[in-house]
Amino acid sequence: MFKLFSSASSPSQGAIAVYPTATENQPECTELELVRRSRKGDTEAYAELVRKYQQVVFNIAYRFMRDVSLAEDMAQEAFIKAFKHIKGFRGDCSFSTWLYRVTCSVCLTELSRRKKRCEVGLQPNTPVGSVESKVNEYEIAEKIRECVTRLSDRYATVLTLYYLNGISYEEIAEIMDIPVGTLKTWMFRARKQLRKVVEKEIFPNGKDTP
Amino acid sequence: MAKIPHEDELDAFIESVLRDEKLIPAPITLHSKVVKRLKLHELRERERMRFRYLMTGFVITVLTIVFGVIFSVAFYKWSVVFWYGSDASRGYWDYYQTILQTFWTRYQGSYSFLISLAVGISTLVLLLVPWAKSPKA
């Protein structure tokens, strides 16, 4: 689990802490203003932030939960939790970075809770060889994506964020509050672990693929 | 079904599967639901603050009363007043005792009041006895 309110690696990476030129960073100023108003409890300002980030937050949640309705619930939880704790956001990283961190945290907590209750887990995987005609490529791909959620928290998070368009490598490191070098190590280990899970869960009888 | 002979190819396959996943549009209802929950949260916070102020006022009132009582007990010689009465402006006990005595002796309706009180209590007892004797579920 991540520390939600820990300081980020460097203020220069955060969009809020920079000194912008007028034209280039006009949206950042608007966001800064919205965050400032949200910190004072202005729900309308926060609703604007929700509108801006709902797409990415929902997709992060979806990639953790692999279910649209659950992802929607988790996205809601993430936004509400972020609003409750927005006073703890010091602005030493960008708001989006902080929000994605909150989202990952919410999803991982829910996944952990579900694992404890045995609510989560892949459907019993039928070996590909036995129902070759019915299992299509889409299903295999979905199962592989589901396998990501079976990894340990940190590896699931780095893979999820890495393959989500629009989040840079540096930003992932900032979200995880780790150096980029460590992130690369984690990525390597995550891929290795994922391969093992995929081999075990989807290709138990050999490395068949459509 | 094709065979993947090497781990590298499986890695490449996994990589392509993960990379090709497209962003899906957020549900239309997401924003409105979050806004509704924000409003609820705002209301709850307002109520919490109201309750906090109310309880603070209540605690202050109770503490004032408690300390007032302690102060008055500590600085007022109640035993002397109780056993010996008091003179001048401290004779509250005597005063109220006398008032009570004169009230009961001079009050014309005191017997009627006592009788009506007794009737009321008797009625209540008569009503409650069957209920008390009835078998409980």
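Trainee: I'd like to start with the surface. Which element gives the largest share of the nonpolar patch?

Mentor: That's α5(B), with six residues in the patch. Keep in mind as we go that this is a predicted model.

Trainee: Which residues form that nonpolar patch on the surface?

Mentor: Look for Leu100(B), Phe103(B), Trp104(B), Tyr107(B), Phe113(B), Leu114(B), Leu117(B), Ile121(B), Val125(B) and Val129(B). Together they have about 930 Å² of accessible area. Two elements of chain B give two or more residues each to the patch: α4 (92–106) and α5 (110–133).

Trainee: Let me pick one member, then. Is Ile121(B) buried or exposed?

Mentor: Here's the general idea: buried means under 20% relative accessible area, exposed means over 50%, and partly exposed is in between. Ile121(B) sits in helix α5 of chain B. Its relative accessibility is 51%, so Ile121(B) counts as exposed.

Trainee: Now for charge. Which residues form the positive surface patch?

Mentor: Lys and Arg are the ones that count as positive. In this structure, the patch is made by Arg154(A), Arg189(A), Lys192(A) and Lys196(A). Helix α8 of chain A, residues 180–201, gives the largest share, three residues. Lys192(A) has a relative accessible area of 39%, so it is partly exposed.

Trainee: Let's go inside. Which residues of the largest nonpolar core touch the most other members?

Mentor: That core has 73 residues, and the ones touching the most other members are Tyr46(A), Phe64(A), Phe95(A), Leu194(A) and Val198(A). Helix α2 of chain A, residues 43–65, gives the largest share of this core, 12 residues.

Trainee: And how much of chain A is buried?

Mentor: Chain A has 210 residues, and 51% of them are buried. As for its layout, the chain has eight helices and one strand. Reading from the N terminus, the order is α-α-α-α-α-α-α-α-β.

Trainee: On to salt bridges. How many does a search of the whole structure find?

Mentor: The thing to look for is a side-chain nitrogen of Lys or Arg within 4 Å of a carboxyl oxygen of Asp or Glu. Over all chains, the search finds 19 salt bridges. Take Arg63(A) and Glu21(B), whose closest N and O atoms are 3.8 Å apart. Arg63(A) lies in helix α2 of chain A, while Glu21(B) lies in the loop between α1 (7–19) and α2 (29–75) of chain B, so this pair joins two chains. Both Arg63(A) and Glu21(B) are buried.

Trainee: Which residues are linked with that pair in a network of salt bridges?

Mentor: The network links Arg63(A), Arg66(A), Glu142(A), Arg145(A) and Glu21(B).

Trainee: Where do Glu15(B) and Arg191(A) lie?

Mentor: Their side chains meet in a salt bridge, 3.4 Å from N to O. This pair crosses between chains, from helix α1 of chain B, where Glu15(B) lies, to helix α8 of chain A, which holds Arg191(A). Glu15(B) has a relative accessible area of 21%, so it is partly exposed. Arg191(A) is partly exposed too, at 30%.

Trainee: What about Glu110(A) and Arg114(A): how many residues apart are they?

Mentor: Four, about one turn of the helix, and both lie in helix α4 of chain A, residues 95–116. Glu110(A) and Arg114(A) are both buried.

Key
Residues numbered from 1 in each chain as written. Chains lettered and ligands numbered in written order. Predicted model: local features only at pLDDT ≥ 70, side-chain atom pairs only at ≥ 80, totals over all residues. Heavy atoms only, no water. Patch = residues over 30% accessible without salt bridge, like charges linked within 9 Å, V, L, I, M, F, W, Y side chains within 5 Å. Areas by Shrake-Rupley, 256 points an atom, 1.4 Å probe, with all protein chains shown as cover. Charge placed at Lys NZ, Arg CZ, Asp CG, Glu CD. Buried < 20%, exposed > 50% of the residue type's maximum accessible area, 1.4 Å probe, protein only. Core = buried A, V, L, I, M, F, W, Y, C linked by side-chain atoms within 4.5 Å.
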